[in-house]
Amino acid sequence: MKRFLLVLSIVALLAPAIAASAADDSKVKAATNQVETGAKQIGDGKVGDGVEQTAKGIGNTVVEGAKYTGEKLKESGKAAEPEAKSTWGNLKDTANSFGSTVKNFFTSLFSK
């Protein structure tokens with residue numbers, strides 16, 4: 001039982017570290033601290049209180065981690081948007097330039 005709780009605690013502590021760091025992660029850190037506090041209580045012999053605290057902390061970590069990940073995905077989508085627009089603009093300019101080059105080639109070829 002103690003090993004199971006220790007493994008759950010470690011997983012809960014490492015889960016937020018996977019996400020990037022631009023969004024506000026203070027709630028995730030608070031939830032992981034709750035797991036850590038519960039695990040320490042279990043180690044101190046307060047098994048009942050420690051298990052309850054750890055379980056609540058794991059639940060809060062999952063919830064806050066999901067919110068945090070959603071924020072990060074939203075930010076990454078916004079960050080990619082201007083790049084996609086600029087790429088389309090570059091492609092359009094390249095196509096226009098190529099068209100002008102072809103037009104000039106045939107105009108000079110038949111004007112002689």
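## Salt bridges, worked through

In this predicted model, glutamate 75 and lysine 72 join their side chains in a salt bridge, with N to O at 3.1 Å (a side-chain nitrogen of Lys or Arg within 4 Å of a carboxyl oxygen of Asp or Glu). Residues are numbered from 1 along each chain as its sequence is written, and side-chain values use heavy atoms, leaving out hydrogens and water.

**Exercise 1.** Work out how glutamate 75 and lysine 72 are separated in helix 3, and whether lysine 72 is buried or exposed.

*Solution.* Start with the spacing: the two are three residues apart in helix 3, so about one helical turn separates them (helices are DSSP runs of H or I, at least four residues, numbered from the N terminus). Next, take accessibility: lysine 72, at 14%, is buried (under 20% relative accessible area; exposed is over 50%, partly exposed in between, with a 1.4 Å probe and protein chains only). Glutamate 75, at 33%, is partly exposed.

**Exercise 2.** Now try the salt bridge of lysine 56 with glutamate 52.

*Solution.* First, their closest N and O atoms are 3.2 Å apart. Then note that they sit four residues apart in helix 3 (residues 47-110), so about one helical turn lies between them. Finally, lysine 56 is partly exposed at 44%, and glutamate 52 is partly exposed at 43%.

Notes: This is a predicted model: local features need pLDDT of at least 70, side-chain atom pairs count only at pLDDT 80 or more; totals for chains, interfaces and linings use all residues.
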